[in-house]
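The structure is shown first.

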Amino acid sequence: MRPPSLLRPSRAVVALLAAVGLFASAACSDTPPAPTAAPTSSSAAASSTPASASHSSSAAPAPQTCGAQRLASMKLRDKLAQLLVVGVQNAADAERVVAREHLGGVFVGSWTDLSMLTDGSLRRLSEKQPIPLMVTVDQEGGRVNRLKSLGIDLPSARVLAQTKTPEQVRALAKDAGQKMAALGITVDFAPSVDVSAEADDEVIGDRSFSNDPAVVTEYASAFAKGLQDAGIMPVFKHFPGHGHGSGDSHTGAVTTPPLAQLKDSDLVPYRTLLRDPGNAGVMVGHLIVPGLTGAGTPASISPAAIGMLRSGTKYGGPGFNGVVFSDDLSGMKAITDQYTIEQAVLRAIVAGSDIGLWLSTDRVGSVLDSLEAAVAKGRLSTQRVDRSVVRILRAKGVLDCP
């Protein structure tokens, strides 16, 4: 995947960006930046005395914020389109929605015609875009084995932990990742970091490495590193932990144990895995967490839950400034029983997710209309959008600044 050339802005554009504080130093957080302190008398005098400034040969120019040039070249709607990843049926479906809406990414589902991977059409479509596509898939192994027909096959997480060493799992994941990369896939929604003792065929079940958080941490780390060795972005899921939830979010609302209990079990792996995540992302589940999200509000659309992921403070974890994905917003009744896709995507983004994920292309335009309206009304700030775009462009390899 070739990163496109960065555009060189005019001096006027750079000055304007500095003046409005676009993507200021608070870019590592989705909390509002603290007010800027008033200048001291000496700094005020310096700014009002051009002659004194001209004599200061040691004065350095203000540092460029990460992505400022790229952001300045993008229209608002194109920025918002980077925040969307949607399921596609085939190459024609992908080509239509990307041409029409400049979509940021596509999802390869169980219903997708995989010939668009094997014949290279999806890779070529991505390479033609000013910003390459995020090409995503659920390829965990076991029951969630979307690419098995293409020769990419892994045992379930539970079987891996029971029969392989972490080193062997890393090698297996690297091999699978290399095969995915050859097909043009860039992101794998795996590994599952859920801590669970459920029976194999339950909603998490054998998708979990273990009911022991230490085992989950060790094996999920190995799996993720193997994918990254192959150039594939792994995504840890389902934050803050689905393994002890009350049911299946595909079929209805799911409640987890209280936050205080999750801290000693389901959240334990994240405290280690996110200290040095590399290019890994995190997927937030549709999970109601007593003591965190409030009754009736899934974590995927909860500012409190995503804020905890970003800061780490409520569970003793590290802050996370990587890409945050929502779980599927269109095919899971934990969300669709309450919200339209337009409402769900907006709520996920406003809550702090970088990417809203859903399963079809037919309403991408109306979702973008909704997001644009939210910006116009002040519900979603342009600075907030820019922070997400920069995270996404870093993940795609378009930006390499810190």
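A search of the whole structure, which is a predicted model, finds one cavity of 30 Å³ or more. The volume of the largest cavity is about 70 Å³.

**Cavity lining**

- Among the residues that line the largest cavity are Glu140, Gly141, Arg143, Ser156 and Ala157.
- The lining also includes Ala190, Pro191 and Ser192, together with Asp206, Arg207, Phe209 and Phe223.
- By class, the lining of the largest cavity consists of five nonpolar, three polar and four charged residues.

**Burial of strand E7**

- Strand E7 spans residues 233-239, and seven of its seven residues are buried.
- Because of this burial, strand E7 is largely enclosed by the rest of the structure; buried here means under 20% relative accessible area.

**Pairing with strand E6**

- Strand E6 (residues 187-188) runs parallel to E7, and two bridges join them.
- Asp188 has Pro234 in E7 as its bridge partner.
- Between E6 and E7 the chain passes through helix H11 (residues 213-229), making a β-α-β crossover that is right-handed.

**Pairing with strand E8**

- Strand E8 (residues 281-284) is joined to E7 by three bridges, and these strands also run parallel.
- The bridge partner of Val235 in E8 is Gly281.

Conventions. Residues numbered from 1 in each chain as written. Predicted model: local features only at pLDDT ≥ 70, side-chain atom pairs only at ≥ 80, totals over all residues. Heavy atoms only, no water. Buried < 20%, exposed > 50% of the residue type's maximum accessible area, 1.4 Å probe, protein only. Helix = DSSP H or I, 4+ residues; strand = E, 2+ residues; numbered from the N terminus. Pairing = 2+ DSSP bridges. Right-handed = clockwise from strand over helix to strand, strands pointing away. 1 Å grid on protein atoms, 1.4 Å probe; cavity = no way out; pocket = protein on both sides within 12 Å on 5 of 7 lines; lining within 4 Å. Points joined across faces, edges and corners; volume = space filled by probe spheres on them. Nonpolar A, V, L, I, M, F, W, Y, C, P; charged D, E, K, R; others polar.
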